Amino acid sequence: MSAESNENVPPGEDAQIARLVEQSLTLMDKDTKPVLRGQHPKHHGCVRAEFVVESGLDADLRHGLFAKPGRYPTAIRFSNAAMTDDRKGDGHGMALKLFNVPGYKLLEDCQTHDFVLLDHPVFFAGDVAGYVELFDALIHAKDSVLPKLAFFLPRFIAEMGHVYMTYLRKHPEQLKIMLAMMAKQPATPLDQRYWSTTPYRLGPHVVRWSVQPHAEKLRPVAPADSPDKLRIALAQQLSEGEAAFDFMAQIRTNPDTMPIEDPTREWTGAPLRKLATMYLPKQKPDSHELMEFCEHLSFNVWRCLPDHEPLGGINRARRAIYEAVSKRRHELNGRPEHEPTATEFLALHQA
Ligand code: HEM
């Protein structure tokens, strides 16, 4: 079955996406220097990896990037979804930028290919309309008197209290996912599982990406009592030894129970199939130069081969949002947007 026939664009979605772009720009904190990402503002390192597409993949998996064996230098940005203190519960991101990937990309003419993943199997917003409502509540929270009155609470908590009162308590399923996502307290980004949560093409298939660690090969790390404990753990483990992850696809087997348009639903029952291994050699991933390099990168799930087209409303919205927020961020920081080469990235790792 073709992936295309399963996308179901609701009427008025373009206008809602335009509203979401506007809201995302409004919600950016423009007072920090440099201006940080609107979401996932803090990262723990800018890791070098090699993304190795396996030889001998089953014929049904051989599409796009996975059509033939290959090795791609890769930058990995591990991030917190919202918190600046790593000791607090949060969601965590793993963004991959593969270099030297030939071929036409859906976003722009470039040699890079991005994947963006979270350490939770599902996303808290099912569709664009829901996200618009949530962002409205968040924008009102920032202007509301409630967080100002609750001066004894950290601003973030007070604002979330307002969002709960005005939006989340009417959407208990979304709240449940959000709370589960924000409860994660990993000791290291290297032993976690990550998921795309939203669907993509793998040639004719509809898939979700998933990344699983080779956790047994990691040296255990004692969690530091520091707001930067994930950066400390990442740097310590990669100074002592290597790490690795499997990159996998969960191919949708039932369109009714695994809808394209709703990333709040977990795809249970569809097996994970391995496509590639990511090898992270010994390194120092958090030098000043590397942290800065990852700060000024842009990831966008649409920077991909057509065989891996992002699917579903949340992904359709992300194209314009990520482009607009990244553009504004770079303008405010006085840094021209620039898609780097492997040579530029690897030179920083050798310095
Ligand atoms: C409509 C829904 C979404 C909106 C509005 C949104 C918004 C954003 C924005 C504005 C950024 C920062 C972009 C930049 O400054 O370059 C971002 C980054 C990120 N988002 Fe989303 N996002 C959405 C859905 C998702 C989903 C479904 C995932 C699941 C994997 C996700 C994971 C991430 C991660 C990991 C990053 C950090 C990427 C990096 O390291 O630069 N987001 N998001």
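I take helices (H or I, at least four residues) and strands (E, at least two) as DSSP runs, numbered from the N terminus. The model is predicted, so I keep its rules at hand: local features need pLDDT of at least 70, side-chain atom pairs count only at pLDDT 80 or more, and totals for chains, interfaces and linings use all residues. Residues are numbered from 1 along each chain as its sequence is written, and side-chain values use heavy atoms, with hydrogens and water left out.

**Entry 1**

I looked up Pro34 first. Pro34 sits in the loop between H1 and strand S1 (42-53). A cis peptide bond links Lys33 to Pro34, with omega about -5 degrees. His40 belongs to the loop between H1 and S1. I find its phi near 55 degrees, a positive value in a residue other than glycine. I noted both because most residues other than glycine have a negative phi, and most peptide bonds are trans.

**Entry 2: the ligand**

Which residues are closest to the ligand? I get Arg37, Arg77, Phe299, Tyr322 and Arg329, out of 22 residues that surround the ligand. A residue counts as near if one of its heavy atoms lies within 4 Å of the molecule or strand in question.

Next I looked up polar contacts. These are pairs of N or O atoms within 3.5 Å; within protein, one must be able to donate a hydrogen and the other to accept it, and residues adjacent in sequence count only if both atoms are side-chain atoms. Arg77 places a polar side-chain atom 2.7 Å from a ligand oxygen atom. Tyr322 has a polar side-chain atom 2.7 Å from a ligand nitrogen atom. For Arg329, an N or O atom of the side chain is 2.9 Å from a ligand oxygen atom.

The elements giving two or more residues to the shell are strand S3 (92-98), strand S4 (113-118) and helix H8 (313-332). H8 gives the most, with seven residues. By class, I read the shell as 11 nonpolar, seven polar and four charged. Here Ala, Val, Leu, Ile, Met, Phe, Trp, Tyr, Cys and Pro count as nonpolar, Asp, Glu, Lys and Arg as charged, and the others, Gly among them, as polar.

**Entry 3: H1 against H8**

I turned to helix packing. Axes are lines fitted to C-alpha atoms, for helices over the stretch in contact, and angles run from 0 to 180 degrees between N-to-C directions. The axes of helix H1 (residues 13-27) and H8 come within 9 Å and cross at roughly 35 degrees. The H1 and H8 crossing is right-handed. A crossing is right-handed if the near helix is turned clockwise from the far one by less than a right angle, and left-handed if anticlockwise. Contact means heavy atoms within 4.5 Å. On H1 the contact includes Ile17 and Leu20; on H8 it includes Ala317 and Ile321. I get nine nonpolar, two polar and three charged residues in the contact of H1 with H8.

**Entry 4: H1 against H2**

H1 packs on helix H2 (residues 128-143) at about 30 degrees, with the axes 10 Å apart. That makes H1 roughly parallel to H2. Angles under 35 degrees count as roughly parallel, over 145 as roughly antiparallel, 65 to 115 as roughly perpendicular and the rest as oblique. The crossing of H1 and H2 is left-handed.

**Entry 5: H7 against H9**

What angle do helix H7 (residues 288-295) and helix H9 (residues 342-350) make? Their axes cross at roughly 155 degrees and come within 9 Å. H7 and H9 are therefore roughly antiparallel. Glu289, Leu290 and Phe293 of H7 meet Phe345, Leu348 and His349 of H9.
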